[in-house]
Amino acid sequence: MALHLPKPRTTKPAQQAVGLDGLKVSVANAATSGVEKSKQVKSGGLAGLTSKVSVTQLRTELGNEGLRQAAIDAGRTPPSARTLRRWAQQGRIPHPDVLERAQRRAAIERLGGIDAVAAKIGRSRSAVSRYRSGETNELRADASKKLKTVKAQDIMKRAGVLRPDGTPKRAVIRVRGGVMVRNGADEGYDYRVRTLDFANSDTPFSSDESRELAAALANDDHARVVALLERHATLDYPENKGFDRYSDQFGFHFDHIDSVHIDWI
């Protein structure tokens, strides 16, 4: 008679993230990629919560001249009108360095332009201009953090996650994926594919948790998204009560995520 053993984990935790409590945790690559794929489902409540926009939108926001300037900033020959049409038709820019500069340029334009961004993050106009062109790869730590915050706020507002007064809507979440619940030892662990309806948590996602989740989605920090979901599942999901420590040895972990759906209420 065949012995049915729990399915082993397909991947080991490979990405580091900082959870809501400031704890550093490891999450599985297959879980973070599942969150990223869920963003592509328009009806999943995650659409628009990303710092990366489509090539079509980039072309609309920047125009042909803006895309040509992004190519020049990357040290490449300015693309012809025919090449720009092909990029739009294919939905991709084949050069990662050009795409990165186009995304930066578009993000700064959405925030009001160089002068507005400089005022918001407390840096000079020239510093923001160098960052936009890629001459400077990163801003100083404090300015980089401020830019990340204002970008996330703008993305959350555009995605309809924030109310008119700026307060966040509450996230009602359903996640399907392979999960592992353990209590400090390999024996007796539970591995299976489950759908977790976080609306049925003993304590639903709070406004603060919802804001942190939306900001992580907006910043494309998918590892932090997984860490926030795992923490809530460990501490507040009814089937998992009793796992009172959130660490790599105790609690609830996603081996992979198949889908994430969020209603913002």
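**Figure 1. Contacts of Arg-163 in a predicted model.** Arg-163 touches Pro-168, Lys-169, Arg-170 and Ile-265, leaving aside residues up to four places away in sequence; contact means heavy atoms within 4.5 Å. The model is a predicted one, in which local features need pLDDT of at least 70 and side-chain atom pairs count only at pLDDT 80 or more, while totals for chains, interfaces and linings use all residues. Residues are numbered from 1 along each chain as its sequence is written, and side-chain values use heavy atoms, with hydrogens and water left out. Arg-163 belongs to the loop between α7 and β3 (171-183); helices (H or I, at least four residues) and strands (E, at least two) are DSSP runs numbered from the N terminus. With a relative accessible area of 35%, Arg-163 is partly exposed; buried means under 20% relative accessible area, exposed over 50%, and partly exposed in between (1.4 Å probe, protein chains only). Arg-163 and Ile-265 are 102 residues apart in sequence, yet their C-alpha atoms are 9.7 Å apart in space.

**Figure 2. Packing of α4 against α6.** Two packed helices are described by the angle between their axes and the distance between the axes. Helix α4 and helix α6 (residues 125-133) pack at an angle of about 140°, their axes being 8 Å apart. This angle makes α4 oblique to α6. Axes are lines fitted to C-alpha atoms, for helices over the stretch in contact, and angles run from 0 to 180 degrees between N-to-C directions. Angles under 35 degrees count as roughly parallel, over 145 as roughly antiparallel, 65 to 115 as roughly perpendicular and the rest as oblique. From α4 the contact involves Arg-101, Arg-104, Arg-105, Ile-108 and Glu-109, and from α6 Val-128, Tyr-131, Arg-132 and Ser-133. By class, the residues of this contact are three nonpolar, one polar and five charged. Ala, Val, Leu, Ile, Met, Phe, Trp, Tyr, Cys and Pro count as nonpolar, Asp, Glu, Lys and Arg as charged, and the others, Gly among them, as polar.

**Figure 3. Buried residues of α6.** Ala-127, Val-128, Tyr-131, Arg-132 and Ser-133 are the buried residues of α6. They pack against α2 (55-73), α4, α5 (114-121) and α7. Just after α6, Gly-134 takes a positive phi of about 90°.

Figure 4. The structure holds one cavity of 30 Å³ or more, and about 50 Å³ of space lies in the largest cavity. On a 1 Å grid over the protein atoms alone, a cavity is a set of points where a 1.4 Å probe fits but cannot get out; lining residues have an atom within 4 Å of a point. Grid points are joined across faces, edges and corners, and a volume is the space filled by probe spheres set on the points. The lining consists of Ala-107, Arg-110, Leu-111, Lys-151, Asp-154 and Ile-155. Helices α4 (96-110) and α7 (141-158) each supply at least two of the lining residues, and α7 gives the largest share, three residues. Three lining residues are nonpolar, none is polar and three are charged.

Figure 5. Ser-201 is placed in the loop between β4 (190-197) and α8 and counts as buried at 7% relative accessibility. Asp-220 lies in the loop between α8 (207-218) and α9 (222-236). Phi of Asp-220 is near 60°, a positive value in a residue other than glycine, and Asp-220 is partly exposed, with a relative accessible area of 22%.

Conventions. 1 Å grid on protein atoms, 1.4 Å probe; cavity = no way out; pocket = protein on both sides within 12 Å on 5 of 7 lines; lining within 4 Å.
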